[in-house]
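Biologist: Please show me the model, and then I will ask about a few parts of it.
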Amino acid sequence: MSPSTSPRFFTEREVARHCTKESCWVLLGTRVYDVTAFLRMHPGGEALILRKSGKDVSQEMEGPPHRHSENARRWMEQYYIGDLDRDRDRDSDEAQTLRERRKTIEETAGKMAEKMTEVDSPYNRLSSVDLDKDLVDWRKPLAWQVGHLREKYDEWVHQPVDRPIRLFGNPFLEASTKTSWYWVPVVWLPIVFYLSWYCYTSLAKGTTSLPLTSDFYIPIHKYTFPLLFLTGWFLWSFVEYCIHRFVFHMKPPAHNYYLIMLHFLLHGQHHKSPFDGSRLVFPPGLASLVIGSFYMILNRLLPEILGVSVFVGGLCGYVVYDMIHYYLHYGSPKRGSYMYSLKAYHVKHHFEHQRAGFGITSTFWDHPFNTVIPDEKF
């Protein structure tokens, strides 16, 4: 609800009727929230919210099992639609009066919205962002604005919102920053399959060996390909962790306009709008730079066919990484499953622990580098 819109009023009976996937409302004290759009995003799964639909979730917000962060509470305000009228009498005359009052409020709000909002604007989605008071002008591309935030940038970018972000005014540049999830397997899996076949058949010829000295060689059998493949996958998991921690989560100097802008383009925009489905996976062009670097390093360190065998395992690891990342934001894993715990872990990274929890496909590397998100204690 826009800050300028008058609040609506609902009875407990009205709120209780909205208890399905198609329309799910909850109460937080006397405030009413329509969380229908958030159901499949919820890290605990939609079933947890549906069980409390039409009811007060104040206790669940405080925990246990999970105390919701300030960012989570701020996020919830984007779904606020009105207030509970506990004193509302069931007398038909008074009920009719209140219905007329609500209808008048709705009509007034509708007229105000028509005046203030452009029909074709990409910003017509629900958001509690006050366009007049926020640190940036959401009506304009953000890429050129964020650098001016200076020391306020870090706090601002880690206060997530549920609204689309426009990075550039140029339509071509803007489109190049967006990628549908299915392009990742479409572009990269054929390369994975081809290189896997090429490496296995090349190793099957029995002519590949690893030189240890000028006189001593270790023959490489075709059955070592799965081991080389998994080695590449494991190496990618380390690269994934390092990129996420040291590049995506670098803290740009407050005085450096260009580093702040670069950070926002690489990863800051994802933390500001974590459920923007068009920016959850790497555009193939950007990904090819990282993948190409990975390929060249391995071919420098290893004989050609061995380097390619390790590389294709890493490339497959990257595809799995991007798919898992998308699923952690939009999937609804079964409670108690590995993906369920991984989704909860990743959402904590977004909403509460931005300086920890850098593992995406697993939490393995968080342990030796001491960046594991701590368990909550009550």
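This is a predicted model: local features need pLDDT of at least 70, side-chain atom pairs count only at pLDDT 80 or more; totals for chains, interfaces and linings use all residues.

Biologist: How are helix H9 and helix H10 oriented to each other?
Modeller: H9 covers residues 225-248 and H10 covers residues 257-272, and their axes lie 10 Å apart. The angle between H9 and H10 is about 140 degrees. Angles over 145 degrees count as roughly antiparallel and those from 65 to 115 as roughly perpendicular. H9 and H10 are therefore oblique.

Biologist: How many residues of the contact of H9 with H10 are charged?
Modeller: H9 contributes His244, Val247 and Phe248, while H10 contributes His263, Leu266 and His267. Of the residues in this contact, three are nonpolar and three polar. The number of charged residues there is none.

Biologist: Is strand E4 largely enclosed or exposed?
Modeller: Strand E4 consists of residues 80-84. A residue counts as buried under 20% relative accessible area. Five of the five residues of E4 are buried, so the strand is largely enclosed.

Biologist: Which residue of E4 is the bridge partner of valine 32?
Modeller: Strand E3, residues 31-34, pairs with E4 in the antiparallel sense over three bridges. The partner of valine 32 in E4 is glycine 82.

Biologist: Which residue of E4 is the bridge partner of phenylalanine 10?
Modeller: Strand E1, residues 8-10, pairs with E4 in the parallel sense, again over three bridges. Phenylalanine 10 has as its partner in E4 leucine 84.

Biologist: Is histidine 350 buried or exposed?
Modeller: Histidine 350 is in helix H13, residues 338-351. Leaving aside neighbours within four places in sequence, its contacts are His270, His271, Pro274 and His329. Its relative accessible area is 2%, so histidine 350 is buried.

Terms used. Residues are numbered from 1 along each chain as its sequence is written. Side-chain values use heavy atoms; hydrogens and water are left out. Helices (H or I, at least four residues) and strands (E, at least two) are DSSP runs, numbered from the N terminus. Buried means under 20% relative accessible area, exposed over 50%, partly exposed in between (1.4 Å probe, protein chains only). Contact means heavy atoms within 4.5 Å. Axes are lines fitted to C-alpha atoms, for helices over the stretch in contact, and angles run from 0 to 180 degrees between N-to-C directions. Angles under 35 degrees count as roughly parallel, over 145 as roughly antiparallel, 65 to 115 as roughly perpendicular and the rest as oblique. Ala, Val, Leu, Ile, Met, Phe, Trp, Tyr, Cys and Pro count as nonpolar, Asp, Glu, Lys and Arg as charged, and the others, Gly among them, as polar. Two strands pair if DSSP finds at least two bridges between them.
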